[in-house]
Amino acid sequence: MSSVASVHSLWTVAAELPGKIPAPRIEYVQLSPTLIVLGAAIVGVLIEAFLPRRSRYYAQVLLTVVALAAAFAAVIGLAAGGFGSSKAHLAAMGAIAVDGPALFLQGTILLVSLIAVFTFAERRLDPATHGKRVDSFAAQAAAVPGGEAEQAAVKAGFTTTEVFPILLFAVGGMLVFPAANDLLTLFIALEVFSLPLYILCALARRQRLLSQESAVKYFLLGAFSSAFLLFGVALLYGYAGTVTYAGIAEVISDGARQVDPALAGTMGNDALLLIGGALVLMGLLFKVGAVPFHMWTPDVYQGAPTPVTGFMAAATKVAAFGALLRLLYVVLPGMRWDWRPVMWGVAILTMLGGAVLAITQTDIKRLLAYSSIAHAGFILAGVIAASKDGISSVLFYLAAYSFVTLGAFAVVTLVRDAGGEATHLSKWAGLGRRSPLVAAVFAVFLLAFAGIPLTSGFAGKFAVFKAAAESGAGWLVVVGVISSAIAAFFYIRVIVLMFFSEPKADGPTVAVPSVLTSTAIAVGVAATLVLGLAPQYFLDLAGQAGVFIR
């Protein structure tokens, strides 16, 4: 008891002394986009607890859409107020950066998430079960696949409305991830958006076992990558005596820092810096889906509910590349000669690996997964540029790519047979004759992925390759162009299959979506064409947003 009393007296004495325990300064207005989303997620959990089941779906959809729209409006307000340029600063006691790249990436994530919610909320594609409309998600997530509890839940017409607050928690983590300005905030944001994604991957209504298998694979590999990242954080702390980005960069550049006696033996040890930096980089490259950390991507994309796959493929890439850019440009600019050769190798492997492996795929979702791996390689070419143009080209590419991806996966949800979505490529034969509009829309997205002129994909690839070439990475651009040519083969192959093959008599049907999925696809097409035909305004916007606060 005496020790407890003495500790208590120490606290009270410390609290009485002025300036000993400073109260935290939190800039609520500058953090409002994240706070709105996380606040809405908590309200969503309360809706699940207190609202009757029949009312939850509409309440959750309305809450999610309003929250994401309000958060996006807050990002626009902050950008208009100059926080992306002249007023850029570090908020939350230096833990969160409010600057151009952070606001641009947050705005992209929120827009993508808002469109993704429409695909989550779709209830017209599957035939009604026992007179009740159903969506893509399991009737009762906790039930054993095929068991009595699941059959009873399906019969009762249950829907898993908790996917909406789970989505909001994931978005909240994604908003913090590219804006994190110290390594602990980075790790916490990583876990906040990863854990909800593991859950969402396991919730498919059809093919429950495949869905759960994909979630377990994602969880196990994600846990490994988180462990690598956390170990890297520990080593970097041992090297620099701090976890803040500016503090680490300062020690790397000139070693000028007050030595903590407990860390005097390790501070400035280059081995800790190199190994720690590599481990943190490894954790981020896993989230990006770069080779050789890509193993989870095809299995997870195939097994997860397609609306979740679309959301993950678009939003996670934006958040992960944002964090990667900030790490390389703010923390490790003094080690450019060390990390650039490594990133060259990763980019080349990723571009070629994604393009070559995609050729062998027979499932449309796995094909799009390998396509996303190839695109991660193209974006890495812009990251390697290590220039202001490199940052702005990556920001533009991420915005363009995310809308194409979301639109493509929304189209995949429409092509169905008796077992649900018909994702095997052979089922898509003759789709252009059976449903010309859907096939034409999907062809637009495939042409954008291939980087054909007049689409957003061409403008994005041109921007990143130009930035890479100007920074002296000419050979990387050559490999990128070759990979693009290989990738174009399998995109064109799908288009040929849809328009120049005879439709099978027992082929799939194209479901007529509600206005929700139609809106998601229409926004995807519009963004693809606008960013392809008139990209300059958006390139300028990305250029203005391309300066990190240090």
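Predicted model: local features only at pLDDT ≥ 70, side-chain atom pairs only at ≥ 80, totals over all residues.
Residues are numbered from 1 along each chain as its sequence is written, and side-chain values use heavy atoms, with hydrogens and water left out.

- Helices (H or I, at least four residues) and strands (E, at least two) are DSSP runs, numbered from the N terminus.
- Helix α4 covers residues 100-120. At 1.5 Å a residue, its 21 residues should span 30 Å, and its end C-alpha atoms are 30 Å apart, which agrees. The expected span is 1.5 Å times one less than the number of residues.
- Of the 21 residues of α4, 20 are buried, so the helix is largely enclosed by the rest of the structure. Buried means under 20% relative accessible area, exposed over 50%, and partly exposed in between (1.4 Å probe, protein chains only).
- Asp99 sits in the loop between β2 (96-98) and α4. Asp99 is buried, at 0% relative accessible area.
- Leaving aside neighbours within four places in sequence, Asp99 is in contact (heavy atoms within 4.5 Å) with Phe83, Gly84, Ala88, Arg326, Val547, Phe548 and Ile549.

**Phe164**

- Phe164 lies in helix α6 (residues 163-176). Phe164 is buried, with a relative accessible area of 1%.
- Beyond four places in sequence, the contacts of Phe164 include Val117, Phe120 and Ala121. Tyr57, Gln60, Val61 and Thr64 are also among them.
- Gly44 is 120 residues from Phe164 along the chain, yet their C-alpha atoms are separated by 7.3 Å.

**Aromatic pairs**

- The structure holds 18 aromatic pairs. Rings of Phe, Tyr and Trp (its six-membered ring) pair if their centres lie within 6.5 Å; planes under 30 degrees apart count as stacked, over 60 as edge-to-face and the rest as tilted.
- Phe449 and Tyr491 are stacked, at 5.8 Å centre to centre with 20° between the planes. Phe449 belongs to helix α17 (residues 436-450) and Tyr491 to helix α19 (residues 474-500), so the pair ties together parts that are 42 residues apart in sequence.
- Both Phe449 and Tyr491 are buried.
- Phe490 and Tyr491 form a tilted pair, at 4.5 Å centre to centre and 55° between the planes. Phe490 is buried too.
- Ring pairs join Tyr198, Tyr218, Phe219, Phe286, Trp296, Tyr301 and Phe409 into a cluster.

**Charges over rings**

- A charge sits over a ring if NZ of Lys or CZ of Arg is within 6 Å of the ring centre and within 35 degrees of the ring normal.
- Arg53 lies over the face of Phe158, 3.8 Å from the ring centre. Lys87 lies over the face of Phe83, at 5.6 Å.

**A three-strand sheet**

- Three strands form an open sheet in the order β4-β3-β5, with antiparallel pairing. Two strands pair if DSSP finds at least two bridges between them.
- β4 (420-421) and β5 (509-510) are at the edges, each with a single partner strand, so one side of each has no neighbour in the sheet.
- β3 (residues 415-417) pairs with β4 over two bridges. Asp417 has Gly420 of β4 as its bridge partner.
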